[in-house]
Amino acid sequence: MLKARRNPVNVAAMHAVLIVYTLIALFPVFVILINSFKTRKAIFREPLSLPGADSFSLIGYETVLRQGDFFGYFQNSMIVTVASLFFILLFGAMAAFALAEYRFKGNTLMGLYLALGIMIPIRIGTVAILELMVSTGLVNTLMALILVYTAQGLPLAVFILSEFMRGVSDDLKNAGRIDGLSEYVIFFRLVLPLVRPAMATVAVFNMIPIWNDLWFPLILAPAEETKTLTLGSQVFIGQFVTDWNAVLSALSMAILPVLILYVIFSRQLIRGITSGAVK
Amino acid sequence: MASRRPIRWHIVVFLAPAVLVYTAIMIFPLFNTLRLALFTEVDNVRHFVGLENFRTLFGDPRWSESFWNALGNNFWFFFIHMLVQNPIGILLAAILSHPRLRFAALYRSAIFIPTILSFVIVGFAWKLILSPIWGIAPGMLDAVGLKFLYAPWLGKEEYALTTLSLVSVWQFVGIPMMLIYAALLTIPEEILEAAEVEGITGMSAFWKIKLPLILPSIGIISILTFVGNFNAFDLIYAAQGALAGPDFSTDILGTFLYRTFFGFQLQLGDPHMGSAIATAMFAIILVGVCIYLFGIQTRMRRYQF
């Protein structure tokens, strides 16, 4: 290796740029988190200092837990996200298998049809989606959200998974066929376990937008008992704008679950993006 | 094929659930929305009016003013993303892709954190930080002697949209960074070493060798940014509400669509005018995607290693 690439001045400059940008990226999150543990006075007097013995307070969290049904919201978000991911992965993998494995009339056309939704956002059809949900009585149910997110996630899932399934060896599947396994058994027992890494990538890609979506919960399921965490914190914060302790605590409570999930899944997510799954 | 094969039912079973859900919840409503744009409702009865809604949207000054305002704002929103988000993303990716850079994984994960936060968190967090009441932003500017630069950015008509665009840039810079980073990793080491032997290193290696090789990825990022920006809604709604204040200066197509079809405060919802706006958004996105697919992507040279 030539020494030009290891010039210490360059290395220092690179670290400086990255450190500055990391600070910019983390600063707002940090400020919100530390101030959520402070008294109202301390929030305004010294917004940038860590909570100390005399400025520590949990009053904001107490208000939030008393006034808002955050556990209910959290549960709704959890149900919607997990169920949507389950259907995206199951239906997506099945369709991807059909497209990757069998030759039939209209295969390419079907692939193109399913790929349309990658570029066209589902939000464009919101007016008719709302009408559909009203006429089927699904408004203000979690089912409405699960259906919408499943439809939204399927195109990219089919696209990514069918690319991976083309790479599964034919010998394995044919060996299964000779042993008399049905196509369903071949799919569920032989192929699915082999594409698990791709399924994880699809899951992680879909998880964040579903969890964070505000548009569809606002339009399709704004009732108190079906509010997701994102919508719930939006409404709560809107009502408590002047109660800074409560607002900061509500924000922190919305940040924490995502942050924990991110710490768990960040390697998977980054590997998924950098493996070129979305080229 | 001469002999007719029996229908292979398992193919139908494998395809059916995905095709049904996708068709019923995505494709059918999409076309139904385009169709609804041609109707209007009088006394709870739906009438076909042809292109009347579009004539109202573009011709009636009350509507057209809001529409052009939202569209113009949306283009500015997109412009800031292209001008700030993507260059910063490329710069960060170029630094991160340096071989043997220490703590690269740590930086990468930290810089990606804003991208995973919801718009509600991002919108409110920045609202609080920029707020003149709390005083974090003026206080910090004061510390470096630039307090005169401070203004309540989100409250001023002339700054609010740019400020929100920059907040959105802050949130999403991780995506171009990751995609460009992935593209840079695929450039073979031999090419870079060959260039080094020729004396091309550092900045000139980036401009002359790496940048041309990652142009396809920059194209993908641009179209993703375009589609994302033209159906954006959440951040503006979380930070400024459905009225996209002050005085509609941050109104974009997403918030305009929401107010129109869902109704807000005293304004009643009008699904048919809403469909007309959605149709316009659909057309804009379609034009953008077509320009990308047929104008940019096919002309771009791809290199195989």
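Q: Hi! What does the domain assignment of chain A give?
A: Hello! Chain A is split into domain 1 (3–63) and domain 2 (68–239); such bounds come from an automatic or database domain assignment. This is a predicted model, where local features need pLDDT of at least 70, side-chain atom pairs count only at pLDDT 80 or more, and totals for chains, interfaces and linings use all residues. Residues are numbered from 1 along each chain as its sequence is written, while chains are lettered from A and ligands numbered from 1 in the order in which they are written.

Q: How far apart are the C-alpha centres of domain 1 and domain 2 of chain A?
A: Those centres lie 36 Å apart.

Q: Which residues have the most contacts inside the largest nonpolar core?
A: A:A95, A:V148 and A:L161 do, in a core of 164 residues. A nonpolar core is a set of buried Ala, Val, Leu, Ile, Met, Phe, Trp, Tyr and Cys residues joined through C-beta atoms within 7 Å. Buried means that 20 or more other C-beta atoms lie within 10 Å of a residue's own, exposed means 12 or fewer, and partly exposed is in between, with C-beta atoms placed from the backbone.

Q: And which helix gives the most to this core?
A: Helix α7 (residues 142–165) of chain A, with 17 residues. Helices here are DSSP runs (H or I, at least four residues), strands are runs of E with at least two, and both are numbered from the N terminus.

Q: What is A:V148 in contact with, leaving aside neighbours within four places in sequence?
A: A:V148 is in contact with A:I122, A:I129, A:F216, A:L220 and, from chain B, B:I25. Contact means that the C-beta atoms, placed from the backbone, lie within 7 Å.

Q: New topic: is A:I186 buried or exposed?
A: A:I186 counts as buried because it has 21 C-beta neighbours inside 10 Å. A:I186 sits in helix α9 (residues 183–194) of chain A. A:L172 is 14 residues from A:I186 in sequence, and their C-alpha atoms are 9.2 Å apart.

Q: At what angle do α4 and α10 of chain A cross?
A: Helix α4 (residues 70–101) and helix α10 (residues 196–212) of chain A cross at roughly 145°, and their axes come within 10 Å. Axes are lines fitted to C-alpha atoms, for helices over the stretch in contact, and angles run from 0 to 180 degrees between N-to-C directions.

Q: What about α3 and α10 in chain B?
A: Helix α3 (residues 61–96) and helix α10 (residues 202–230) of chain B pack at about 145°, with axes 10 Å apart. Among the residues of α3(B) that meet α10(B) are B:F77 and B:F78, and the α10(B) side includes B:F206 and B:F226.

Q: How do strands β1 and β2 of chain B run?
A: They run antiparallel: four bridges join β1 (residues 39–42) to β2 (residues 45–48) in chain B. Strands count as paired if DSSP finds at least two bridges between them. B:V42 faces B:V45 of β2(B). Two residues lie between the strands of this hairpin, where B:D43 has a positive phi near 50°.

Q: Where is B:F103, and what is its phi?
A: B:F103 is in the loop between α3 and α4 (104–116) of chain B. Its phi is positive, about 60°, although B:F103 is not a glycine. Most residues other than glycine have a negative phi.

Q: Last one: is B:D247 exposed or buried?
A: B:D247 is exposed, because 11 other C-beta atoms lie within 10 Å. B:D247 lies in the loop between α11 (234–240) and α12 (253–262) of chain B.

Key. Contact = placed C-beta atoms within 7 Å.
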